[in-house]
Structures are given as structure tokens and as C-alpha cells.
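Subject: Handing over the structure

Hi there,

Here is the structure I promised to pass on to you. Have a look at it first, and then read on for what turned up in it.

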Amino acid sequence: MRTLEVVPLTRVEGDGGITVTLDGKKVKSVTLDIHEGPRLIEQMVVGMTPEDNLNVVPRICAICTLSHKYASLRGLEKALGIDPPEKAQVMRDLMMLGENVESNSLHTFMLALPDFLGYPSAVAMLNDYGDDVVRALRLKKFGNHVMQVTSGRIVHGENPGLGGFGKYPTKKQMSEIALRSKELVPDAVRAVELFGSLEYSEYPEAETTFMSVNAPAKKFGLAGDSILISDGEETDADDYKKLTSERVVPHSFAKRSLYKDKTFAVGANARMINMGKRLDGQAGDFFKEHYSDRWLKNPLLNNLAQAIEMLWALEQMPETTELVASMEDPKRAEPTRLTGSGTGAVEAPRGILYHHYDIKDGLVETADIITPTAQNLDDIEMHMKLCAERMLADDKKDAEVLLALEMIARAYDPCISCATHLVTLKRL
Amino acid sequence: MHKLRHTPGDPEEALTEAVETVVGEGPVYVLGLGYVDKADDGAGVLVANTLKKTFPDYSFSEHDGVEGVVLDISQKTGPGTVLFVDAGDLKAPPGTIGIVTRDQIKDTEISTHRVPVALMAAIIERSGKKVAIVAIQPKCLEFRAEVSQEVGRSVAAVVATLSRLMQERNG
């Protein structure tokens with residue numbers, strides 16, 4: 001018996017590693033080990049007001065900060081019977097577009113691309129792909145700017161609130177974002193072309209199930225009240241527990257999820273599989289050009305999906321900002337009750353994020369947060385194990401196997417900090 | 001190997017001399033890194049925020065989106081120097097200040113979803129500017145704890161030194 005290890009797993013958010021346990025050439029297990037400690041956020045917010053909860057829960061993560069804010073808002077507003085005005089809804093769409101560009105640009109160009117091009121890091125890539133590194137920085141900076149304008153700060157902005165926003169941006173700010181988003185479209189196109197031209201290994205391929213929100217009005221989007229499943233089913237977001245039966249495993253400080261006792265995936269790939277046909281513009285054209293049955297089997301294609309999605313996000317901004325600028329600043333909508341329950345489901349860059357709250361007499365009674373990475377962990381391990389088995393059967397070297405496994409884990413763009421927001425360990 | 005280990009109580013001239021060895025021609029930019037809610041970890045941000053009051057166009061912190069700032073600086077023509085200021089484990093007494101030169105910034109990829117300092121340094125260097133890190137040895141990294149006295153004194157020393165330098169270089 002011997003083990004192969006990747007510790008730490010770099011170019012992901014948080015502290016994790018990979019362990020492959022071998023018995024001769026037979027792979028006994030492949031685990032994505034989560035070392036980051038539990039953070040107990042769900043217990044921390046019990047007894048808080050919804051407003052305080054809304055300030056605390058985004059601190060789960062500085063990468064997906066606005067996704068946590070938005071999921072929390074959607075859950076709390078349902079619980080309290082708040083119907084936010086249309087301008088607030090559009091602003092929330094815009095802030096999510098900004099976060100998507102910020103996160104996907106960094107992941108595609110800087111964290112994932114070096115592996116595919118054979119470089120140890122983005123730094124090593126700089127001499128040959130300097131322009132692409134600069135593209136990534138330009139896109140990330142712009143994503144950060146959109147987040148700052150909409151939420152008030154680059155990280156943990158407090159402008160979005162229950163029933164609306166503290167302050168709405170000026171028309172000038174909106175027209176600047178519209179102009180800049182158009183200017184940056186070629187950078188996103190370059191990302192799509194790069195990832196569309198890469199060779200994707202067949203070793204990790206296996207059928208799995210994909211889940212995403214069902215965005216309203218039959219459009220591609222990042223929030224919705226129901227969940228689309230690639231097997232053709234659709235489930236109300238309030239029934240999220242049926243989709244994410246959670247459990248604890250010894251090697252992880254993050255919970256795991258299964259659907260019908262099988263692994264499933266969430267993320268850009270899942271969004272493309274479930275809603276890609278709704279894309280228009282250049283993003284729609286690229287989706288049609290690149291989409292194939294391999295998307296249903298190969299997790300590495302999540303990188304290409306992220307690139308197409310980043311292009312979609314930029315293409316959405318002119319219309320979205322114009323809509324924001326055209327509407328009067330509304331007052332915040334007020335709660336219509338102090339006791340109730342609600343679930344918010346949004347698409348963080350790395351997949352569906354659920355926030356569920358039970359509010360009693362104006363205070364949080366229970367909170368349940370299920371992050372995309374927690375949903376993906378079992379699926380990552382499934383693909384990694386298959387990949388390791390196949391590569392070792394083909395007499396591939398240990399270093400090649402480990403790199404392939406790292407690429408699989410990284411393709412999901414995991415956020416380990418998010419995934420360890422709560423876990424209960426039972427020692428027998 | 002660090003150019004200098006300035007310990008609390010050392011004359012500031014020594015720190016000034018050490019910093020000047022890594023500064024080239026043109027203006028000096030300061031980028032403060034760290035997490036202010038974790039006591040001494042926020043030393044770099046404290047330095048940058050203090051300098052920003054006098055040099056708003058030359059001093060930036062984590063909260064300004066450092067990757068974007070790096071991009072903007074790298075697109076400016078002409079020479080200059082970017083000094084990252086951050087808490088760093090120098091294996092030295094708390095408050096020790098170390099100057100980490102460009103060749104000592106390793107291409108290590110810490111496990112996080114952000115642009116590595118080594119990459120930002122490389123991008124700045126490509127634009128013809130110099131880069132170094134001013135590191136301060138932390139004592140306390142506890143959440144919501146106060147900045148330690150040792151690091152507080154070093155933050156003041158770094159601010160005084162960089163302030164004089166930026167006054168000379170940046171006008």
C-alpha cells in the first residue's frame with residue numbers, strides 16, 4: 001500500500017489537498033482532503049436580526065461575497081414577505097455579473113490555464129502569454145469595479161440591503177460600465193478562443209448529473225426560484241434538501257452532498273448544460289460552436305464554460321446598466337411579517353448557493369447554508385478516482401497522475417473557505 | 001536573505017538606507033497588503049492607509065483592489081518603484097522589518113483565489129519599474145485583537161521612512 005499526495009492543493013481558495021491510496025496498481029481511494037477548520041457561521045447567526053445576519057453571512061467568503069449576500073437576501077425576503085422593487089432586482093443582477101467576471105477571469109486565465117499550457121504557474125506563463133495575463137487583470141479590475149459601484153466596496157460591500165439598496169449609482173457610472181464592458185468583450189472572446197482550442201484529457205470522463213437554477217423568463221441567469229436538473233426534472237428551490245442530502249466524511253471539514261445517492265455537479269458547466277440554449281449574442285454563438293456530449297462527462301470543460309459565461313456577463317451589462325439608469329430610485333420595500341421561512345438560491349461563480357432561514361418574531365431561528373463546493377466535492381472525487389485508475393492502468397507516471405488530479409479539482413474552481421462554514425464531526 | 005532586519009529601537013537612518021537600496025528612479029508607490037481584522041496581519045494596510053492621506057495617488061491598500069492598481073501602475077510610462085508592505089514571517093523578533101528584494105520574491109503559489117505577489121511583481125518589472133517588499137514580523141494574528149506594540153512601532157517607523165522618501169521622489 002502506498003499513497004500519492006498533493007499538499008497543499010494550490011490555485012484554489014482555501015486549504016486542501018489530494019490523497020491517492022494505492023494497493024499495487026489498484027486505486028483504493030482518492031480523497032479531496034479539506035484541512036480548513038470549521039467556522040460555525042450558521043450557529044453564529046442564530047438570534048440575530050435579519051439585517052445583522054445579512055452583514056455576517058457574506059463573511060463566509062471574500063471571493064463569493066456578493067453571492068452570499070444575494071442568496072441571503074433572497075431567503076430572508078421570502079421569509080419576511082418583502083417584495084423588492086424592480087430597480088433593486090436589476091441592480092442585484094448587475095452586481096452578480098460583476099462578481100462573475102471578477103471570479104471567472106482570475107480562475108480561467110491565472111489558475112487553470114497554466115496547467116493546460118504546461119507552465120507551473122501564471123508567473124512562468126508571463127513571458128509567452130504576457131498579454132493574456134494582462135487581459136485577466138483588466139477583466140478582474142473591471143469586475144471589481146462593478147462590484148464596488150453596486151455594493152459599495154470591492155469586498156463585503158454593504159449597499160445591498162433588505163428590500164433594496166442604500167444608494168443607487170449615478171447614470172454616469174452606469175454609462176461608464178456599459179462602455180467599458182463593450183471594450184472588454186475582445187478579452188473575453190480571447191478567453192473563449194484559448195479554452196476552446198485546448199486538448200481536454202478523456203481520462204476523467206464519466207456521466208454525472210448537473211444542477212443549476214432556472215433563471216426567470218427562459219433566460220440565462222444567476223438566480224432563480226427553482227432548480228433545473230440535467231435528467232429533465234425541476235424542483236422548487238425551497239425543496240433544496242431533497243437535492244442535497246448532506247453527510248460528513250472523516251477526511252473533510254466540509255459536508256458532502258449526493259442526489260439520489262449519486263454525485264452531481266454545479267457550476268458554469270451545469271449552467272451551460274441546463275440553460276446554454278438560452279444564450280444569445282457572441283456567447284450564444286460560441287456555446288453552439290463548442291457544446292458537445294463531452295460537456296456531460298468531462299469536468300475540465302468547466303473552464304471553457306466559465307470563459308463563455310464571462311463573455312455573456314459582459315454582453316449583458318450594457319442593457320442592464322441602461323435599465324438601472326432609466327428607472328427612478330425607489331424606496332426600500334418593507335417586511336410584511338416577522339415570522340416565516342424562505343430559501344434563496346443563486347449561482348455563485350462555482351455553482352448553486354443555497355441560504356435557508358427560519359425567522360421567528362423578527363430573529364433568525366435557524367440558518368442553513370449549502371455552498372457549491374460542498375455539493376461538488378463528491379463529484380470531484382468520483383472523477384479523480386476514475387482518472388487515476390485509468391492513467392495508472394496506462395502506466396502513466398505518478399507526477400502525471402497527480403497533475404491530472406489537480407487539474408480536475410481546480411476545474412471546479414473550488415472555494416474551500418466557503419465549504420467549511422459548518423460541519424459536525426462525530427468521532428466513534 | 002534580507003537586506004536588513006531593523007528591530008524596534010534601531011535608528012531610522014538604517015531603515016532609510018536599506019529602503020533606498022531597493023528604490024530606483026522615479027516615483028515610489030506603496031501597496032499595503034493584509035487583513036486588518038487579524039491584528040498585526042494588517043500592518044501593510046495600516047502603513048498604506050496612513051500614507052494615502054498625504055499621497056493619495058501613490059499609496060494603495062488591499063481595499064483598493066491591488067491587482068487593478070498593479071495594472072494601472074504598470075501602464076504608466078517611465079521608471080518608478082513599487083513597495084509592497086505586508087506582515088511576513090521573517091523568523092525574527094516581533095516588529096522586525098525586512099526588505100525583500102525582487103530576486104527573493106519566490107514564485108510560490110499560496111493556496112488562495114488571488115493573484116500571487118510574485119506575478120504582480122513580475123508585471124511591474126516588465127513595465128520597467130522596480131519592486132520590493134517591506135515585511136514586518138507580526139506578533140499577534142488573533143481575530144479582532146489589537147495591533148501589538150512592537151508592530152505598531154514598526155508601522156510608525158515605516159510610515160516615517162516612506163513618507164520622507166515619497167516627499168522627495170513624488171513631490
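Two strands count as paired if DSSP finds at least two bridges between them. With that in mind, β5(B) and β6(B) are joined by five bridges and run antiparallel. Before I go further, please note that this is a predicted model.

**Around β6 of chain B**

Let me stay with that pair of strands for a moment. Within it, V100(B) has I133(B) of β6(B) as its bridge partner. β6(B) also pairs with β4(B): these two run parallel and are joined by seven bridges. Here A87(B) is the residue that stands opposite I136(B) in β6(B).

How many of the residues of β6(B) are buried? Seven of its seven are, so the strand is mostly covered because a residue counts as buried when 20 or more other C-beta atoms lie within 10 Å of its own. In a regular strand the side chains alternate between the two faces of the sheet. In β6(B) both faces are covered, with K130(B), A132(B), V134(B) and I136(B) buried on one side, and V131(B), I133(B) and A135(B) buried on the other.

**Chain B as a whole**

Chain B holds five helices and six strands. Read from the N terminus, its elements follow the order β-α-β-α-β-α-β-β-α-β-α. Of its 171 residues, 51% count as buried. Among contacts between residues at least 6 apart in sequence, 76% join residues at least 24 apart.

Which elements do the buried residues of α5(B) pack against? They pack against α1 (12–22), β2 (28–32), α2 (43–54), β4 (81–87), β5 (97–101) and β6 (130–136) of chain B. Among those buried residues are V151(B), V155(B), V158(B), L162(B) and M166(B). After the helix comes G171(B), with a positive phi near 75°.

**The sheet in chain A**

Over in chain A, three strands form an open sheet in the order β1-β2-β3, with antiparallel pairing. Its edge strands are β1 (2–6) and β3 (26–34), each of which pairs on one side only. On average, and with direction ignored, neighbouring strands of this sheet are turned by 15° against each other. Eight bridges pair β2(A), residues 16–23, with β3(A) in the antiparallel sense.

Helix α11(A), residues 372–393, touches β2 and β3 of chain A, and its direction makes about 145° with that of β3(A). Helix α12(A), residues 398–411, touches β1, β2 and β3 of chain A, and its direction makes about 50° with that of β1(A).

**A helix pair in chain A**

Two packed helices are described by the angle between their axes and the distance between the axes. For α5(A), residues 122–151, and α6(A), residues 171–196, the axes come within 10 Å and cross at roughly 145°. This crossing of α5(A) and α6(A) is left-handed. The residues that make the contact include R135(A), L139(A) and F142(A) of α5(A), and I177(A), R180(A) and L184(A) of α6(A). Taken together, the residues of this contact divide into eight nonpolar, one polar and six charged.

**Two residues with positive phi**

Most residues other than glycine have a negative phi, and most peptide bonds are trans. Against that background, two residues deserve a look. D395(A) has a positive phi of about 60° although it is not a glycine, and D395(A) is found in the loop between α11 and α12 of chain A. Is D395(A) buried or exposed? D395(A) is exposed, with 8 other C-beta atoms within 10 Å.

In chain B, K91(B) is not a glycine either, and its phi is positive, near 55°. K91(B) is found in the loop between β4 and β5 of chain B. K91(B) is exposed, with 9 other C-beta atoms within 10 Å.

Enjoy exploring it!

Best wishes

Technical notes:
Residues numbered from 1 in each chain as written. Chains lettered and ligands numbered in written order. Predicted model: local features only at pLDDT ≥ 70, side-chain atom pairs only at ≥ 80, totals over all residues. Buried ≥ 20, exposed ≤ 12 C-beta atoms within 10 Å, placed from the backbone. Helix = DSSP H or I, 4+ residues; strand = E, 2+ residues; numbered from the N terminus. Contact = placed C-beta atoms within 7 Å. Axes fitted to C-alpha atoms, helices over the stretch in contact; angles between N-to-C directions. Left-handed = near helix turned anticlockwise from the far one by under 90°. Nonpolar A, V, L, I, M, F, W, Y, C, P; charged D, E, K, R; others polar.
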